[in-house]
Amino acid sequence: MLNEYLSSKPLNELNTEMLTFTANLEMVARGNPQIAKSILQELIDQRSHLKLIASENYCSLSTQSAMGNLLTDKYAEGFVGNRFYAGCDNVDNIEAIACDEAKRLFGAEHAYVQPHSGADANLVAFLAVLRKKFHTTENILNLPKDEWEKIRKDMGNQRLLGMGLYSGGHLTHGYRHNVSAQLFEVFNYDVNENTGLLEYDNLRNMLQEVKPLIFLIGFSAYTRNIDYSLLRQYADEVGAVMVVDMAHFAGLVAGGAISGKYNPIPYADIVTTTTHKTLRGPRGGMVLCKQEYAEFVDKGCPHVLGGPLPHVMAAKAIAFKEANSPEYKAYAAKVVENSTHLAATLVTKGIHVQTGGTDNHIVLVNVEKLGITGRQAELALRECGLTLNRNTLPGDKYGPWYTSGLRFGTPATTSLGMGKPEMEEIADIIATTLKSITANLDKNGNKSKAKYTLAENAKETAIKRVHSLLDKYVLYPEIDVEFLQKNLK
Ligand SMILES: *Cc1c(COP(=O)(O)O)cnc(C)c1O
């Protein structure tokens, strides 16, 4: 395949992106051709569907290259300068660069770039808070068993106050099936079911009542800015440690689209995040914190995590540097401009948008008002070429499997270069498709929550419109997919 590409045009017309991708795919195919086929098919699928999943993005090919190499072979338990393995000089360099880039990008006092995912970053943060409070200065390994048991019980008796799942919180914020709910006694706060908004007085009251060790703020499905300056005051009133999980909106903070009192970094004790959502880096996590938590956070490996992923830390260093640029700043602003416009256009087309709009990259829509479930809407839209996910809404009567809502996001389409006119077109495709769905009836005349029928021609028309958008905004345009399809054996 590589040879075919090299001989397909004059040397000066070959491009690095296509060359790299082709060489890489050929190496993968040597190892297992079926995997190479799936990688290529994923590119084809992503190119032919509009990606509106709020938690996904497209990272750069440089970021991807950093992930696919020998760095994966290296064990480097510990952290920079404190490893449990020999020969970690280069990993030390890479991790130190990634930490520096992260600190510069976010203006954070300390950065820990090892977490393999956002969920891991939260566990690292939780244990850091517990250890700072309970493992005082003495060496716990030398404690008599009964003293250690007492500490362990006290640690297991701590309270966490986090956002409820139906209100937009994450599973790791105390959902009962999640380890977070087994580590802590969990209390949840929720949004107002009518307005969909968090209420600061309610948060303050709950803090006063619960007096949690950890006050956890952050969301996967909430569309409004949160005043972290005010919440800091409320946390201080009860001596709670303030942890903010900015997994979703980290990129908007990095790019300055979320700033001032809405930027959690200056206010929170610890901030956790993913690196692959709005931030547009490799799949992974990170913890940022105040200096007083640094020594506890840095013990993430081995206290919570296994060996770090040096190849992913390398990719993080690249993505953070990319995010520290005027182009990225413009990108972040455009993500919000696009989602605001998408929401506003949906409203004009009679679609019910939660909270009436958005301040970030997420748009939440209530489809129950159209007589269908989120499940039906998600499946129908995917058939029509739009990829997104169904989402529970506050007080959801359909529950987490069928749901009443849909979650849209603009990070990926904005990465492709789309702007306001394209958001109008997308909103119209969404609204038209949603209105063309009818829930099937079972033999007793009850509405199905999963089966549906699309109006005649709705699918064909939508797909045509989606493709004409995607033809103008091609994912990784340097990569010649047809050539690869023809030559991948
Ligand atoms: C996505 C998300 C996570 C988890 O990230 P993973 O990398 O999937 O583990 C954690 N918290 C919030 C708020 C998220 O949105």
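Below are my entries on helices, strands and rings.

**Ground rules.** I am working with a predicted model, where local features need pLDDT of at least 70, side-chain atom pairs count only at pLDDT 80 or more, and totals for chains, interfaces and linings use all residues. Residues are numbered from 1 along each chain as its sequence is written, and side-chain values use heavy atoms, with hydrogens and water left out.

**Two helices.** I began with helix H2 (residues 16-31) and helix H3 (residues 33-48), which pack at an angle of about 145 degrees with their axes 5 Å apart. Helices here are DSSP runs of H or I with at least four residues, strands are runs of E with at least two, and both are numbered from the N terminus. Axes are lines fitted to C-alpha atoms, for helices over the stretch in contact, and angles run from 0 to 180 degrees between N-to-C directions.

Next I looked up who touches whom, with contact meaning heavy atoms within 4.5 Å. From H2, Phe 21, Leu 25, Val 28, Ala 29 and Gly 31 meet residues of H3, among them Pro 33, Ile 39 and Leu 43.

Is strand S12 buried or exposed? I found that 5 of the 5 residues of S12 (residues 362-366) are buried, so the strand is largely enclosed by the rest of the structure. Buried means under 20% relative accessible area, exposed over 50%, and partly exposed in between (1.4 Å probe, protein chains only). Ile 362, Leu 364 and Asn 366 point one way, while Val 363 and Val 365 point the other.

I then checked its partners; two strands pair if DSSP finds at least two bridges between them. Strand S11 (residues 352-353) pairs with S12 in the antiparallel sense over 2 bridges, and His 352 stands opposite Asn 366. S12 also pairs with strand S15 (residues 405-409), antiparallel over 5 bridges, and there Leu 364 faces Arg 407.

**Rings.** I noted 8 aromatic pairs in the structure. Rings of Phe, Tyr and Trp (its six-membered ring) pair if their centres lie within 6.5 Å; planes under 30 degrees apart count as stacked, over 60 as edge-to-face and the rest as tilted. Tyr 189 and Phe 215 are edge-to-face, at 6.1 Å centre to centre and 65 degrees between the planes. Both of these residues are buried. The ring centres of Tyr 328 and Tyr 331 are 5.3 Å apart and their planes are at 55 degrees, so that pair is tilted. Tyr 328 and Tyr 331 both lie in helix H15 (residues 326-348).
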